[in-house]
Amino acid sequence: MDNVTPLFGNHGAIQDQIGSVGYGPADFEISEAPVFYRDNDGVEHPANRKMIYRKDTGEALGLHGLGYETVDHKMMIDASRNVLERSGLDLRDMKESIAIGAEGSMCYIQHTLPEHRALTPDGDTVSLQLLHLNSHNGVWSYQGSAGGLQSSCMNTQIFMKNTLTMYKARHTEALDIDKGARILTGTIGMLNENNDIWHEWANITVSREEVFRTIAEASGSKFTLGKLKEGLSIEECLELPTCYNNSALTYMCNEWGQYKAKMGQNYWALFNTLTHWSTHFFNGKRTNATDSSVQYIKNSETVRDVIQQFPKAA
């Protein structure tokens with residue numbers, strides 16, 4: 001259909017950038033099928049559940065109740081591009097990345113916009129990024145958020161989580177992708193807002209104890225957090241096998257030493273320690289790049305929660 005009227009100022013730009021790219025690994029059709037069970041007498045009954053599956057491979061993607069609203073990954077990708085159309089942003093040299101996981105059950109799309117950037121406290125440049133997630137297995141709600149890519153270390157800097165910086169909705173009948181697009185469109189200016197917070201963090205000293213507690217929380221080491229509450233020192237905790245065998249914890253402890261030496265003993269250095277971990281660390285065996293992509297998203301969500309305790313983050 002050719003009689004489509006451009007409604008947004010960036011329509012031509014986004015068509016030039018990604019109009020012919022398609023949907024990458026998410027370019028497959030899905031369908032739903034009702035689920036039945038047989039009782040002991042062999043009589044078949046409806047289970048009031050439905051299975052989402054790939055039509056090309058037959059792969060089961062998720063089992064849900066009948067009230068679950070299925071959002072096709074391609075709809076989510078279209079919504080993310082809709083945000084760019086509405087934004088009025090400069091899309092020159094924009095990069096788009098699409099990845100799937102769990103045989104296609106999970107998907108994300110990320111846009112990096114190098115023409116929208118800010119100068120960080122340590123003199124590096126951070127570019128605006130938009131991220132959209134969707135899943136059929138219930139691991140991720142449909143959500144969209146913004147962050148930044150730091151050029152020198154390639155850390156993905158995570159923005160504060162509140163109603164203005166993230167849209168998140170469960171797959172129910174209340175799900176409104178267009179509403180999510182509208183919310184995210186109104187938050188494009190938060191790159192500078194978050195950069196102001198980062199500059200404040202660079203001037204706020206953080207104690208060794210707070211650094212270690214934060215790292216223990218991000219690494220999921222409940223054991224270490226418990227020992228800290230019992231009154232053990234950092235050194236005493238690190239002598240315990242359950243503590244030092246947590247590879248994420250020891251990784252971040254080592255990175256903290258690097259960032260502290262470069263940036264000082266402040267919250268900006270601690271923030272970079274966390275984002276370095278979320279961007280570059282992968283726990284366990286990776287079989288392909290998709291595993292890395294899924295782990296990166298999970299790590300980022302952890303960091304977003306942890307930094308809510310930082311000064312000025314509320």
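## Questions about a predicted model

Biologist: In which strand is Gly-144 found?

Modeller: Strands here are DSSP runs of E with at least two residues, while helices are runs of H or I with at least four, both numbered from the N terminus. Gly-144 is found in the run of residues 142-150, which is strand S7.

Biologist: What kind of model is this?

Modeller: Residues are numbered from 1 along each chain as its sequence is written, and side-chain values use heavy atoms, with hydrogens and water left out. Local features need pLDDT of at least 70, side-chain atom pairs count only at pLDDT 80 or more, and totals for chains, interfaces and linings use all residues, because this model is predicted.

Biologist: Back to that glycine: is Gly-144 buried or exposed?

Modeller: The cut-offs are under 20% relative accessible area for buried, over 50% for exposed and in between for partly exposed (1.4 Å probe, protein chains only). Gly-144 has a relative accessible area of 2%. So Gly-144 is buried.

Biologist: How many Å apart in space are Gly-144 and Ser-80?

Modeller: In sequence, Gly-144 and Ser-80 are 64 residues apart. Taken C-alpha to C-alpha, the distance between them in space is 8.0 Å.

Biologist: Zooming out, what percentage of the residues in the chain is buried?

Modeller: The chain has 11 helices and 9 strands. Of its 314 residues, the buried ones make up 47%.

Biologist: Which strands stand at the edges of the 3-stranded open sheet?

Modeller: The order is S1-S2-S3, with antiparallel pairing, where two strands pair if DSSP finds at least two bridges between them. Two of these strands have a single partner strand each, so one side of each is left without a neighbour in the sheet. These are strand S1 (30-38) and strand S3 (60-65).

Biologist: By what angle are neighbouring strands of this sheet turned against each other on average?

Modeller: Axes are lines fitted to C-alpha atoms (for helices over the stretch in contact), and angles run from 0 to 180 degrees between N-to-C directions. For the neighbouring strands of this sheet, direction is ignored, and the average is 35°.

Biologist: Which residue in S2 is the bridge partner of Phe-36?

Modeller: S1 and strand S2 (residues 44-54) pair in the antiparallel sense over 8 bridges. In S2, the bridge partner of Phe-36 is Pro-46.

Biologist: Which residue forms a salt bridge with Lys-50?

Modeller: A salt bridge needs a side-chain nitrogen of Lys or Arg within 4 Å of a carboxyl oxygen of Asp or Glu, and here the closest N and O atoms are 3.3 Å apart. Lys-50 lies in strand S2 and its partner in strand S1, so the pair ties together parts 18 residues apart in sequence.

Biologist: Which residue meets Lys-74 in a salt bridge at 2.5 Å, N to O?

Modeller: Lys-74 lies in helix H2 (residues 73-87) and its partner in the loop between helix H1 (11-18) and S1, so the pair ties together parts that are 45 residues apart in sequence. The partner of Lys-74 is Glu-29.

Biologist: How many disulfides does the structure hold?

Modeller: A disulfide is a pair of cysteine sulfur atoms within 2.5 Å. The sulfur of Cys-237 is 5.6 Å from the closest cysteine sulfur, in Cys-243, which is too far for a bond. Cys-253 is in no disulfide either, with the sulfur of Cys-243 7.2 Å away. The number of disulfides is 0.

Biologist: Which residue takes a positive phi just after H5?

Modeller: Helix H5 covers residues 208-218, with Val-211, Phe-212 and Ile-215 among its buried residues. Just after H5, a phi of about 75° is taken by Gly-220.
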